[in-house]
Amino acid sequence: MSKKDKNNNVEDSQVEDQTTITAEAEVEEQQKDLKSPEEQLQDQVAAEKDKFMRLFAEFENYKKRTTKERIELFKTASQDVVVSMLPVLDDFERALSHIEDDKEAEELRKGVLLIYNKLVDTLEKKGLSKIEVRQGDTFNADHHEAVTQIPAPTDDLKGKIIDVIERGYKLGDKVIRFPKVVIGQ
């Protein structure tokens with residue numbers, strides 16, 4: 001076969017495909033014309049019902065999404081206030097550690113401890129919780145913030161936490177401050 005014959009065959013098949021498509025469209029058009037007015041109305045009602053169901057499902061999804069977003073917002077709405085209170089909490093802990101050394105300031109220690117406990121209880125009611133980290137725990141970069149590394153006093157403390165500089169806190173399930181630690185090398 002020559003190139004002209006091949007091109008003619010391709011063009012002929014394309015013409016036949018177009019003819020078939022137009023013939024099918026004409027048959028559908030004739031069937032529409034043959035339908036009774038009741039059948040046409042039923043088709044329209046079915047199409048409108050489908051459209052309504054899709055719109056209703058989309059609206060339900062919208063309501064669920066906005067409800068979920070609102071709940072998340074309420075959970076973390078107090079985050080700014082709680083984060084700004086963390087330095088005050090740290091200062092109370094430092095004050096308590098220094099007052100315990102002084103035996104003459106027993107009444108002062110009781111008063112500061114009372115205020116500290118009240119502050120901690122209030123923040124815990126708002127969803128704040130401490131991240132427990134102890135000396136000897138394995139360092140994990142996903143859960144701890146390494147401030148510095150020092151030579152490990154013993155071989156078993158290499159790569160482990162030697163000291164906790166600053167406590168870490170979570171608000172609900174979200175970490176708002178990672179614990180700052182010193183690790184051994």
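1. Which residue is the bridge partner of Y169 in β5? The partner of Y169 there is R177. This pairing belongs to the antiparallel contact of β4 with strand β5 (residues 174-177), which runs over three bridges; two strands count as paired if DSSP finds at least two bridges between them. The hairpin of β4 and β5 has two residues between the strands, and G172 in this hairpin takes a positive phi near 70 degrees.

2. On provenance: this is a predicted model, in which local features need pLDDT of at least 70 and side-chain atom pairs count only at pLDDT 80 or more, while totals for chains, interfaces and linings use all residues. Residues are numbered from 1 along each chain as its sequence is written, and side-chain values use heavy atoms, with hydrogens and water left out.

3. The chain holds four helices and six strands, arranged from the N terminus as α-α-α-α-β-β-β-β-β-β. Helices (H or I, at least four residues) and strands (E, at least two) are DSSP runs, numbered from the N terminus. Of the 185 residues, 17% are buried, where buried means under 20% relative accessible area, exposed over 50%, and partly exposed in between (1.4 Å probe, protein chains only). Among the contacts with a separation of 6 or more, 59% join residues 24 or more positions apart; a contact means heavy atoms within 4.5 Å.

4. Helix α4 (residues 106-125) has 20 residues and should span 28 Å at 1.5 Å a residue, which agrees with the 29 Å between its end C-alpha atoms. The expected span is 1.5 Å times one less than the number of residues. The buried residues of α4 are V112, Y116, L119, V120 and L123. Seen down the helix axis, these buried residues fall within an arc of 100 degrees, so they line one face of α4; the arc is that of the directions from the helix axis to the C-beta atoms. E107, L114, K118 and K125 are exposed on the other side. The cover over the buried residues of α4 includes α3 (79-99) and β1 (128-131). Just after α4, G127 has a positive phi of about 110 degrees.

5. The largest nonpolar core has 16 residues, and L89, L128 and I176 have the most contacts inside it. Such a core is a set of buried Ala, Val, Leu, Ile, Met, Phe, Trp, Tyr and Cys residues joined through side-chain atoms within 4.5 Å. Helix α3 gives the most to this core, with six residues. Not counting residues up to four places away in sequence, L89 touches Y116, L119, V120, L123, L128 and Y169.

6. V82 lies in helix α3 and is buried, with a relative accessible area of 2%. With residues up to four places away in sequence not counted, V82 touches L123, L128, L171 and I176. The C-alpha atoms of V82 and Y169 are separated by 9.9 Å, although these residues are 87 residues apart along the chain.

7. Strand pairing elsewhere: β1 and β4 pair in the antiparallel sense over four bridges, with I131 opposite G168 in β4. Three strands form an open sheet of mixed pairing in the order β2-β6-β3. β2 (145-150) and β3 (161-166) stand at the edges with a single partner strand each, so one side of each is left without a neighbour in the sheet. β3 pairs with strand β6 (residues 180-184) in the antiparallel sense over four bridges, and D163 stands opposite V182 in β6.
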